[in-house]
Amino acid sequence: MENLVSEEIIEETYSKIKDKISKTSLIKADKLSSFSGNNIFLKLENLQKTGSFKIRGALNKILNLSKEQQAKGLIAASAGNHAQGVALAASSLNLVSKIVMPVTAPLAKIAATKEFGGAKCTVKLCGNMFDDAMSEALRLEKEEGLTLVHPYDDNFVIAGQGTIGLEIYEQMNAMGKEIDYCLVPIGGGGLLSGISIYLKIKNPNIKFIGIEAQNVDSYNQALKQGKPFKIQGKSSIADGIAVKQTGELTFNILKKNVDKVITVSEEEIAQAMLFLLEKCKIVTEGSGAVSVAAILSGKLDKIIGKDKNVICVISGGNVDITTLGTIINSALISSHRRVPFSVNGKINNSTITEIINIITKNGASIYKIHSTFDRNKLDISNFSIFIVMDTSDEFQKNKIFAEIRASSSNFTLLAK
């Protein structure tokens with residue numbers, strides 16, 4: 001498959017779709033800039049229609065189908081964001097669509113896909129990851145004669161995603177700033193392919209860094225082998241980029257345009273989601289936070305240096321509230337800001353009061369507490385208290401632990 005996407009094609013694409021999409025904001029993230037020593041700008045595709053960039057490519061692909069192809073009905077596979085883009089684009093054109101999603105797709109994405117697609121949209125759940133859903137979509141394409149809207153390995157889709165690069169270029173120009181680095185998530189590779197094509201033409205000196213989840217680093221592995229292949233992969237909170245095989249077309253584009261690939265862990269992604277929510281007031285899904293995760297992890301310090309203008313593409317914000325709560329809780333625990341521990345031994349009500357006083361006088365707060373007083377039937381002199389406290393940092397946690405241990409020799413403190 002040949003790359004047919006150019007600067008002119010991306011600009012023509014933008015003229016076709018701009019009235020049907022949102023021109024998303026590009027903002028400077030002051031706290032992230034201070035942390036990194038660079039000027040960090042966030043491209044907020046989490047505020048795009050359907051909550052992610054995917055509507056751009058899906059809409060452009062569907063608009064460029066023949067009337068006959070459109071009439072057959074559309075089929076797509078997606079972990080959630082492409083699904084919503086196809087569903088909305090199809091319903092806006094009064095077309096029938098069938099979307100295959102993995103059973104592990106976030107409930108919010110499944111519900112939103114059905115809502116965007118309306119009466120002419122059918123959602124089928126199949127397999128545990130995107131690639132399983134894609135296999136089923138390819139089967140249905142042949143069996144039912146549907147027209148496939150591929151999520152990334154397609155020139156029209158890549159051109160649609162490239163309109164983000166056009167917007168970034170215009171927005172940075174309006175601020176009188178040049179781009180030094182651009183950090184973009186990699187799943188199948190369509191997003192980074194489109195953005196890099198446009199911006200590399202405008203300024204060949206821009207460095208592109210692709211960010212993958214460690215659990216599903218298909219492009220990183222493809223680079224080592226010299227070609228795309230299906231990796232084993234694991235589940236990831238960055239479900240939007242959990243693609244086991246990079247596209248053939250996108251691989252060749254990325255190999256030419258991308259200067260570096262960074263992988264980030266599940267914990268680093270969770271920390272980035274918490275940082276964006278708490279410090280930047282931005283809700284994002286795991287895949288949308290990976291570029292920020294790369295910065296917070298320190299993995300880019302020696303690569304980028306200081307005083308550079310850095311773009312981070314926040315690709316989507318479609319996260320289940322329940323999932324978000326779990327991820328934030330995990331991030332708080334890993335950063336020593338939410339601390340579970342237990343106290344076992346000769347404990348009575350005055351002991352509990354003393355422990356609570358130590359926690360509160362040090363400025364921490366109690367998130368959860370329970371004891372075994374009502375369950376211990378064998379030894380009335382030994383009980384256990386389980387406490388979860390919220391602290392400001394590891395130093396405060398250690399100070400509280402030291403005071404609790406010093407308060408009595410009748411019990412043992414066990415940190416989780």
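These questions and answers explain the terms used for this predicted model.

In this predicted model, local features need pLDDT of at least 70 and side-chain atom pairs count only at pLDDT 80 or more, while totals for chains, interfaces and linings use all residues. Residues are numbered from 1 along each chain as its sequence is written, and side-chain values use heavy atoms, with hydrogens and water left out.

Q: What makes residues 130-144 helix α7?
A: Helices are DSSP runs of H or I with at least four residues, strands are runs of E with at least two, and both are numbered from the N terminus. Helix α7 has 15 residues.

Q: How do you know what span to expect for α7?
A: The expected span is 1.5 Å times one less than the number of residues. For α7 that gives 21 Å, and the helix reaches 21 Å from its first C-alpha to its last. After α7 comes G145, with a positive phi near 70°.

Q: Why is E7 called buried?
A: Buried means under 20% relative accessible area, exposed means over 50%, and partly exposed lies in between (1.4 Å probe, protein chains only). E7 has 15% relative accessibility, so E7 counts as buried. K202 has 29%, so K202 counts as partly exposed.

Q: Which residues of α7 are buried, and what do they pack against?
A: The buried ones are F130, D131, A133, M134, E136, A137 and L140. They pack against β3 (74-77), β4 (97-101), β5 (121-125) and β6 (147-148). Contact means heavy atoms within 4.5 Å.

Q: What makes β5 and β6 edge strands?
A: Two strands pair if DSSP finds at least two bridges between them. Four strands form an open sheet in the order β5-β4-β3-β6, with parallel pairing. Here β5 and β6 each pair on one side only.

Q: How do you know that β3 and β4 pair?
A: Four bridges join β3 and β4 in the parallel sense. Pairing needs at least two.

Q: What makes K202 and E7 a salt bridge?
A: A salt bridge is a side-chain nitrogen of Lys or Arg within 4 Å of a carboxyl oxygen of Asp or Glu. The closest N and O atoms of K202 and E7 are 2.8 Å apart. K202 lies in helix α9 (residues 190-202) and E7 in helix α1 (residues 7-17), so the pair ties together parts that are 195 residues apart in sequence. The whole structure holds 19 salt bridges.

Q: What does K202 form with E11?
A: The side chains of E11 and K202 also meet in a salt bridge, at 4.0 Å from N to O. E11 is in α1 and K202 is in α9, so this pair ties together parts that are 191 residues apart in sequence. E11 has a relative accessible area of 32%, so E11 is partly exposed.

Q: Where do K399 and E403 lie?
A: Both lie in helix α17 (residues 394-407), four residues apart, about one turn of the helix. An α-helix has 3.6 residues a turn, so residues three or four places apart point the same way. K399 and E403 form a salt bridge, with their closest N and O atoms 2.8 Å apart. K399 is partly exposed at 38% relative accessibility. E403 is partly exposed at 22%.

Q: What is the strand order of the six-stranded open sheet?
A: The order is β1-β2-β10-β7-β8-β9, with mixed pairing. The edge strands β1 (26-28) and β9 (260-264) each pair on one side only. Three bridges join β1 to β2 (residues 39-44), and these strands run antiparallel. I27 stands opposite L42 in β2.

Q: Why is α1 called roughly perpendicular to α8?
A: Angles under 35 degrees count as roughly parallel, over 145 as roughly antiparallel, 65 to 115 as roughly perpendicular and the rest as oblique. The axes of α1 and α8 come within 8 Å and cross at roughly 95°. That makes α1 roughly perpendicular to α8. Residues making the contact include I9 and Y14 of α1 and A159 and L166 of α8.

Key
Axes are lines fitted to C-alpha atoms, for helices over the stretch in contact, and angles run from 0 to 180 degrees between N-to-C directions.
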